[in-house]
Amino acid sequence: MDAGGVRPAVREIAEEIESMETRGAAAIAEAAATAVAIQARESDAESAEALRVELRTTASRLHDTRPTAVSLPNALRFVLAELAGDDVEALREDVIERSRTFRERLDTAQADLGRVGAGRLRDGDTVMTHCHSTDVMACVEAAVESGKSLSAIVTETRPRNQGHITARELRALDVPVTLVVDGAARRYLNDVDHVLVGADSVAADGSVINKIGTSGLAVNARDRGTPITVAAGTIKLDPATLYGGAVDIEMREESEVIDPDTRGEIGDIAVENPAFDVTPPRYLDAIVTERGQFPPESVVTLIRELYGEQPAAPWESV
Ligand code: RI2
């Protein structure tokens, strides 16, 4: 066990998020909520205060794994919203119950969002996707289930090739797929009716933070007059941006871009590997959530409604 009493199963979940074995903003949030419940269930803490300290240490470990997807801090905020009281058993049960509620809502939200997003797609559309997003897949799945026939052009998504996951899941829905390298996206926009991407965070001004390459794709889609929709459940809304917070863009290992031997052969070069970029709202047509679709600039009203107060930080020690 860790010094802070963090259970091995929790450490394993944190490592899986870090290594991207568990990836995608919704899956990360679900895993974090599960981890906190495991900690509450397995904890040996004998007082509510000791359990509170452990839960904050657990939250801190999870929070440090990946910095950009706001679904992770939002999950921790929900599950650890109320850590009050002197009864250790009541506190334990409360955290477990809130984790369960969070995960159930996540599932329902994605299904609701899918139906909204499906409404934006027409029978016969060719859709372009970037990376792999379960929110995007929910929209495609709902459209296919409602009888619409779709085909897809899927970017491979360097450097980790999440496009392959999207391609596999689209084929399981019987959607014809063409896989292209990221650099070919503009060329293939001629054949595309709709660009559909996910989000890791949505800022109060309507900017969307998503997989690196999204902003260039959005500028190209706007240039070609191709509609671009962002599928993002409300756990992707970043309340800190209401109060001047900026979204931290994750920089990942250089070895994901180039292997060390090849790099050594080339000589002295700098390598940068940002995992995400920021697309300004003017390049986006709509953000689809489980609460309906929003013009990107209007999303601030939804953030205020859902997360109006100064956001809590249950991963910080008090
Ligand atoms: P869902 C992914 O990031 C992609 O950027 C994707 O658009 C986003 O998470 C949202 O995924 P990464 O974890 O929540 O692959 O829609 O770096 O599944």
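Analyst: Start with the largest nonpolar core, which has 63 residues. Leu62, Val95 and Val195 have the most contacts inside this core. A core here is a set of buried Ala, Val, Leu, Ile, Met, Phe, Trp, Tyr and Cys residues joined through side-chain atoms within 4.5 Å. The largest share of it, nine residues, comes from α2.

This is a predicted model, where local features need pLDDT of at least 70, side-chain atom pairs count only at 80 or more, and totals for chains, interfaces and linings use all residues. Residues are numbered from 1 along each chain as its sequence is written, and side-chain values use heavy atoms, leaving out hydrogens and water.

Stay with α2. Helices are DSSP runs (H or I, at least four residues), numbered from the N terminus. Of the 18 residues of α2, 13 are buried, so this helix is largely enclosed by the rest of the structure. Buried means under 20% relative accessible area, exposed over 50%, with partly exposed in between (1.4 Å probe, protein chains only).

Now Val95. Val95 touches Val36, Ala40, Leu55, Val79, Leu80 and Leu83, leaving aside residues up to four places away in sequence. Contact means heavy atoms within 4.5 Å. A second, separate core holds 18 residues, including Val136, Cys139, Leu150 and Ala231.

Next, the open space. The largest pocket holds about 830 Å³. Its lining has 36 residues, and Asn74, Phe78, Phe102, Ile235 and Tyr307 are the closest to its centre. α2 (25-42), α4 (71-79), α5 (88-118), α6 (134-145) and α11 (299-307) each give two or more residues to this lining. α5 gives the most, with eight.

A pocket is an open set of points on a 1 Å grid over the protein atoms alone, reached by a 1.4 Å probe, with protein on both sides within 12 Å along at least five of seven lines; lining residues have an atom within 4 Å of a point. Grid points are joined across faces, edges and corners, and the volume is the space filled by probe spheres set on them.

The second largest pocket holds about 300 Å³. It is lined by 20 residues, with His63, Pro67, Pro73, Asp238 and Ala240 nearest its centre. α4 gives the largest share of that lining, three residues.
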